[in-house]
Amino acid sequence: NFTAKQANSIGVKGFIRNASDGTASSHLIKVTGEAQGSDQALKEFVQHLNKGPPAANVTGVEHSKIDVKQGESRF
């Protein structure tokens, strides 16, 4: 919810979800997702991800460039 609100407020499109590769534990949740937008919007979005919601303790954010996906209209 936090991530979607941040993405929508700065115009980033895409998705985020809990990882399904078995890396999550009871106290550590790994998430994966994709985001697209202007360079500035993505930079701001990554800053939000590094901070996380108030109850979170973000330990790191990895990101890389991928091809734009057509048809994404919201986060």
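**A nonpolar core and a pocket in a predicted model**

The largest nonpolar core consists of six residues, namely Ala7, Ile10, Val12, Ala41, Phe45 and Phe75. Such a core is a set of buried Ala, Val, Leu, Ile, Met, Phe, Trp, Tyr and Cys residues joined through side-chain atoms within 4.5 Å; buried denotes under 20% relative accessible area, exposed over 50%, and partly exposed the range in between (1.4 Å probe, protein chains only). At least two residues of this core come from each of helix H1 (2–10) and helix H2 (39–51). Helices (H or I, at least four residues) and strands (E, at least two) are DSSP runs, numbered from the N terminus.

The model is predicted, and local features need pLDDT of at least 70, side-chain atom pairs count only at pLDDT 80 or more, and totals for chains, interfaces and linings use all residues. Residues are numbered from 1 along each chain as its sequence is written, and side-chain values use heavy atoms, with hydrogens and water left out.

The chain contains two helices and two strands, arranged along the sequence as α-β-β-α. Of its 75 residues, 17% are buried. Among contacts with a separation of 6 or more, 55% join residues 24 or more positions apart.

An α-helix has 3.6 residues a turn, so residues three or four places apart point the same way. Gly11 follows H1 and has a positive phi, near 85 degrees.

Thr3, in helix H1, illustrates this burial with a relative accessible area of 15%. Apart from neighbours within four places in sequence, Thr3 is in contact with Ile16, Phe45, Leu49 and Phe75. Thr3 and Ile16 are 13 residues apart along the chain, and their C-alpha atoms are separated by 7.8 Å.

The largest pocket holds about 1700 Å³ of space. It is lined by 46 residues, of which Ile16, Val31, Leu49, Val61 and Glu62 are the closest to its centre. On a 1 Å grid over the protein atoms alone, a pocket is an open set of points where a 1.4 Å probe fits, with protein on both sides within 12 Å along at least five of seven lines, and lining residues have an atom within 4 Å of a point. Grid points are joined across faces, edges and corners, and the volume is the space filled by probe spheres set on the points. H1, S1, strand S2 (31–36) and H2 each give two or more residues to the lining, with H2 giving the most, seven residues.

Note on methods:
Contact = heavy atoms within 4.5 Å.
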